[in-house]
Amino acid sequence: MNYSIALVPGDGIGPEVTGPAAEVLDAVGDKYGHVFNYVELMAGGKAIDACGEPLPPETLDAARQCDALLLGAVGGPQWEDLPGHLRPERALLGLRSGLEVFANLRPAVLLPQLRAACPLKDEALAVGHPEGKAAFDLLIVRELTGGLYFGKRGRIEESSNGHSPGAAFDTETYSWAEIERVLRSGYAAAAARWKKLCIVDKANVLESSRYWREVASVVSRDYPDIETSYMYVDNCAMQLVRAPGQFDVIVTSNLFGDILSDEASVLTGSIGMLPSASLGSPEAPLAKGGRPMGMYEPIHGSAPDIAGQDMANPLGTILSAAMMLRYSFALEREAREIEAAVNTVLDRGLRTRDIAGRGGGAGEKIIGTRAMGEAVVAAIGGL
Ligand code: IPM
Ligand code: MG
């Protein structure tokens, strides 16, 4: 089969991590008889420099023609002083809303090879874990195209007589339909996992959170096998570092998901390891011909401090490519092949700098971005 992939390398370490991910995809393609055609597109800082805007309309149009999108990272210090609507990050928001990928799946798993990189003690990990193991494997499903990120915002100017000093506001608005569809994404994910879904909100204060619970009380009836629970976000932030093993799937709003997923990433050892999938339908979506789109990106940023130095960890992007195979193309066997190859290179002690020395250092070898990509390709047995 042929698949077309919109490739947005972006800024900073972006191109360094998307390159190896494409090579890994090609290796899997060679092995199983698939062809991936890449359509390279510009977004973020590079697009600002080239065309004066972070997300040129041609990029979005071209992305819509593809089967899925793989993105590295956008942003950098040289664009930080631009006004909000011209910042590189706008490209991400524009792609997410333009492609209508409302459910952002962010898995956080503690790999045994990186156990020492997790700052928690065995006791903390075992508390709440269904089998009392020092491990966790959770999935944050973050609503991605609504809430505070997309609500009405603005400035209230100073009064002309100078007596009232000005103000600024952002608003959190969620419709029933927006909440329902992301909840269904969460339930679909939980059905394939441990069948536990925790809705994280601030329902003791926010009206929008109380509305989430109202929607959940109706939607949850369709999933009698899945245990639904509710947790306030402040408590969840604490529970994640106290006993992460208690969580299976967390479903939450755009802003809370942004914050909690960074917190969860630290527990896995390095933000460089974590992939994400943003989907436009609760079940595995497929693009083209009206089929919903999927957008895949590592959860780390553009890391300008290490850009161009062959130091970045490409595994988050490589694992995002695996998620693309699973969710956009329904190629489960091929997705597992990539995940197994990543496991193999970690077993062999190969480490980029961010994950080095975390297992005590014995038997480890620090390698660069390119060598890590090549090691994964070699483990797949292609090229
Ligand atoms: C993320 C990032 C983005 C977000 C930024 C770069 C706009 O932090 O993907 O988590 O807040 O969504
Ligand atoms: Mg974030």
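**Ground rules.** I worked on a predicted model, in which local features need pLDDT of at least 70 and side-chain atom pairs count only at pLDDT 80 or more, while totals for chains, interfaces and linings use all residues. Residues are numbered from 1 along each chain as its sequence is written, chains are lettered from A and ligands numbered from 1 in the order in which they are written, and side-chain values use heavy atoms, with hydrogens and water left out.

**Domains.** I looked up the domain assignment, whose bounds are automatic or taken from a database, and found domain 1 (1-104 + 271-383) and domain 2 (119-268). Taken over C-alpha atoms, the centres of domain 1 and domain 2 are 24 Å apart. For the meeting of the two I used contact in the sense of heavy atoms within 4.5 Å, and I noted 15 residues of domain 1 in contact with 18 residues of domain 2.

**Cores.** I took a nonpolar core to be a set of buried Ala, Val, Leu, Ile, Met, Phe, Trp, Tyr and Cys residues joined through side-chain atoms within 4.5 Å. Buried stands for under 20% relative accessible area, exposed for over 50%, and partly exposed for what lies in between, with a 1.4 Å probe and protein chains only. The largest nonpolar core has 86 residues, and those with the most contacts inside it are Leu183, Leu315, Leu325, Phe329, Ile338 and Val376. Helix α10 (residues 315-327) gives the most to this core, namely 8 residues; helices (H or I, at least four residues) and strands (E, at least two) are DSSP runs numbered from the N terminus. At least three residues of this core come from each of domain 1 (1-104 + 271-383) and domain 2 (119-268). Another core lies apart from it, with 18 residues, among them Leu41, Ala91, Leu92 and Met293. As background, I noted that nonpolar side chains tend to be buried together in soluble globular proteins.

I then followed Leu325, which, leaving aside neighbours within four places in sequence, is in contact with Leu25, Val28, Phe36, Ala330, Leu331, Glu334, Ala335 and Ile338.

**His34.** I found His34 in the loop between α1 (14-32) and β2 (35-40), and His34 counts as buried because its relative accessibility is 11%. A polar contact is a pair of N or O atoms within 3.5 Å, where within protein one must be able to donate a hydrogen and the other to accept it, and residues adjacent in sequence count only if both atoms are side-chain atoms. Such a contact, of 2.7 Å, joins the side chains of His34 and Glu334. Not counting residues up to four places away in sequence, His34 touches Met1, Tyr3, Gly29, Leu331 and Glu334.

**Ligand 1.** Around ligand 1 I listed Glu89, Leu92, Arg96, Arg106, Arg142, Tyr149 and Asp258, a residue being near a molecule if one of its heavy atoms lies within 4 Å of it. An oxygen atom of ligand 1 is 2.8 Å from a side-chain N or O atom of Arg142. For Tyr149, the corresponding distance from an oxygen atom of ligand 1 to a side-chain N or O atom is 2.5 Å, and for Asp258 it is 2.9 Å. The protein covers 75% of the 320 Å² of accessible area that ligand 1 has on its own, by the Shrake-Rupley method with a 1.4 Å probe.

Most residues other than glycine have a negative phi. Glu100 lies in the loop between α4 (89-98) and β4 (103-109) and counts as exposed, at 53% relative accessibility. Ala330 also has a positive phi of about 55° without being a glycine; Ala330 lies in the loop between α10 and α11 (332-347) and counts as exposed, at 54% relative accessibility.

**Thr352.** I placed Thr352 in the loop between β13 and β14 (365-366), where Thr352 counts as buried because its relative accessibility is 0%. A polar contact of 2.7 Å joins the side chains of Thr352 and Asp354. Beyond neighbours within four places in sequence, Thr352 is in contact with residues including Met311, Pro314, Ile367 and Met372.
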